[in-house]
Each structure stands twice: as structure tokens, then as C-alpha cells.
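Dear colleague,

Please find below the structure for your records. My notes on the ligand and on the spaces within the protein follow it.

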Amino acid sequence: MKTIQLNQGIGIPQLGLGVFQTRDGEETANAVRWALEAEYRHIDTARIYGNEAGVGQGIRASGVPREEIFLTTKLWNEDIRRGRAREAFAESLAALGTDYVDLYLIHWPVQGFEQAWNHMEELHKAGKIRAIGVSNFHSHHLDSLEKTARIQPAVNQIESHPYFNNQELIDECHRRGIAVQVWSPLGGTGGTLLKDPLLQELAQKYGRTPAQIVLRWDIQRNVIVLPKSTHRDRIFSNRDMFDFELSGEDMERIRGLQRNRRVGPDPDHFNF
Ligand code: A2P
């Protein structure tokens with residue numbers, strides 16, 4: 001599995017399993033176990049998803065040693081607003097059944113994120129978190145954070161897929177030395193992206209699925225990609241895109257699908 005080097009000195013596998021909207025318990029545990037069986041070594045959850053316990057269960061059931069797995073969770077908005085980053089982090093560890101995480105993210109840029117960041121820096125220093133980062137940050141949020149941060153974020157996790165490629169923000173993060181993780185890479189649950197005629201055409205051309213075409217596009221854009229699935233066959237097939245290459249021209253054609261159509265909220269306008 002290809003890895004990307006983070007500015008905080010550790011590597012991150014470029015493919016991870018996303019578990020947003022995956023039900024806690026068996027559904028999550030199975031998805032995680034299948035992903036690890038398919039040689040994923042990176043799982044991305046969040047406190048608000050309510051399935052950290054299922055993630056921990058899946059990891060333990062897989063038999064894969066904890067230290068071989070890159071595990072991410074995120075600090076929820078209400079915990080940031082209430083200044084309880086340290087308590088929320090301890091709750092996440094207990095639910096996951098682990099004593100450290102590889103990556104801990106500020107989930108959304110809500111009031112108080114600068115202070116939360118300082119608490120995360122302390123947890124990082126204490127060895128409880130291997131890397132700290134942010135999610136759903138625009139450039140101006142990164143600017144605000146920079147004023148009080150001692151450590152620069154390792155990653156920014158943002159929405160990006162061919163209908164909303166968010167390429168300017170990705171390029172800006174890369175210029176700052178911040179790695180980018182993309183959520184809803186397949187256009188999100190209930191989306192129509194995978195039926196797009198261009199992706200269907202390229203799937204035919206390369207003998208791959210539309211999902212593999214999109215995920216491969218992400219690998220070649222040097223972003224970290226977090227597709228979600230609860231189906232064993234899809235979890236396995238989404239991984240099979242490290243052994244072919246899209247031409248430069250086809251990369252550009254996929255970029256041309258841009259419609260500026262988000263599936264999630266704009267980080268400047270959300271109400272949760
Ligand atoms: P499911 O969990 O039922 O497999 P995103 O990662 O962009 O949020 O998209 C996830 C959505 O895409 C989920 O609804 C997931 O459904 C579906 N999905 C994941 N992998 C594939 C695939 N290979 N082909 C078609 N749909 C997929």
C-alpha cells in the first residue's frame with residue numbers, strides 16, 4: 001500500500017476505509033475486518049459517527065496488530081465549543097479500545113478550535129497521538145490557526161470528488177506542506193457520480209470500475225482517499241487501483257467534470 005509522508009514525521013497509507021454513516025456494532029466491525037483482510041491499513045472514523053466501538057471491535061477481530069494500522073478519529077464540534085478536547089479524546093480512546101491514535105482531527109472549524117488545537121498539541125507531545133490535523137478548513141481557517149499553533153497541521157481532510165474537485169484548496173494545502181485527505185471521493189451516498197458517462201467510458205477503456213477510475217485519479221493527484229463501503233466485494237475492489245495508470249489526458253478529462261456541486265456543507269456556512 002502506497003504511503004505519503006506527513007510533515008510530522010510519519011507515513012500515512014494513501015487509501016483508507018471511511019465509515020461515515022456505517023452503523024455501530026456488526027456492520028462497522030465487518031467493514032473494518034474486511035478492509036484489513038483486503039490489506040487496507042488505514043481506518044477513518046470520528047466521535048460523531050458513533051461507531052468507534054465497532055471500529056475497535058473490527059480491528060481486534062482482524063488479528064492485524066494495532067501498530068500496523070493507521071487509525072484516525074476526530075474531535076466533535078460540541079466538544080470544541082465546550083473546551084473539552086482532552087475529555088473527548090479520552091472517550092474516543094475508550095470506545096476504540098486503544099491507548100493511542102495515529103491521527104486526531106478537528107472535525108469542523110467551530111469557535112474554540114484554536115484552544116482545542118493547543119490541547120491536541122499537548123496530547124501529541126505526550127505520545128497519545130502520532131499526528132494532529134484538521135478537517136473542513138478553508139485557507140482562512142488555516143491562517144487563523146497558524147497565529148496560535150506551535151505545530152502545523154499534518155493534514156486537512158476535505159470534500160473532493162470530480163463534481164466538486166476543490167483543487168485550489170488542495171493545491172494551497174500542498175503548498176503549505178499539509179497533506180490532503182478527501183471525503184466523499186465517490187460522490188457520497190445516493191450520488192450519481194459513478195454513473196457519469198465519462199467515468200463509464202474510462203471504466204470500459206481501462207477495464208476497471210468507475211469507482212476504481214475515480215480512486216486512481218485521487219492517487220495520481222497525490223491525495224489520501226477514504227472511500228466508504230459496507231460491502232465486502234466493494235471494499236476489496238476499491239483497493240484494486242494501484243496497478244494501472246490514467247493518462248495525463250484522462251486525468252484532465254476527469255478534472256473537466258467539475259460542477260462545483262458539493263454533497264456536504266460549505267465550511268463557511270453550516271449549522272451544527
Ligand atoms: P455501500 O456502503 O452500500 O457500498 P463516498 O465514499 O463518496 O462517501 O461514497 C460512498 C458511497 O458509495 C456509499 O453509498 C457506498 O455504498 C458506495 N460505494 C462504495 N464503493 C462503491 C463501488 N465500488 N461501487 C459503487 N458504489 C460504491
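An oxygen atom of the ligand lies 2.7 Å from an N or O atom in the side chain of arginine 234. The side chain of serine 229 likewise places an N or O atom 2.6 Å from an oxygen atom of the ligand. From the backbone, an N or O atom of proline 185 is 3.3 Å from a ligand oxygen. Such pairs are polar contacts, that is, N or O atoms within 3.5 Å; within protein, one must be able to donate a hydrogen and the other to accept it, and residues adjacent in sequence count only if both atoms are side-chain atoms. The ligand taken alone exposes 570 Å², of which the protein buries 83% (Shrake-Rupley method, 1.4 Å probe).

This is a predicted model, in which local features need pLDDT of at least 70, side-chain atom pairs count only at pLDDT 80 or more, and totals for chains, interfaces and linings use all residues. Residues are numbered from 1 along each chain as its sequence is written, and side-chain values use heavy atoms, with hydrogens and water left out.

The ligand is surrounded by 15 residues (a heavy atom within 4 Å). The closest are Leu186, Gly188, Ser229, Arg234 and Asn238. By class, this shell has five nonpolar, eight polar and two charged residues (nonpolar: Ala, Val, Leu, Ile, Met, Phe, Trp, Tyr, Cys and Pro; charged: Asp, Glu, Lys and Arg; polar: the others, Gly among them).

The ligand takes up the space of the largest pocket (more than half of its atoms lie within 2 Å of the grid points). A pocket is an open set of points on a 1 Å grid over the protein atoms alone, with protein on both sides within 12 Å along at least five of seven lines; a cavity is a set where a 1.4 Å probe fits but cannot get out, and lining residues have an atom within 4 Å of a point.

The volume of the largest pocket is about 1,000 Å³ (the space filled by probe spheres set on the points, which are joined across faces, edges and corners). Its lining comprises 41 residues, and Phe20, Ser184, Gly188, Thr189 and Lys228 are the closest to its centre. That lining divides into 17 nonpolar, 19 polar and five charged residues.

There is one cavity of 30 Å³ or more. The largest cavity holds about 50 Å³ of space, and the residues lining it include Phe137, Trp183 and Arg262.

Yours sincerely
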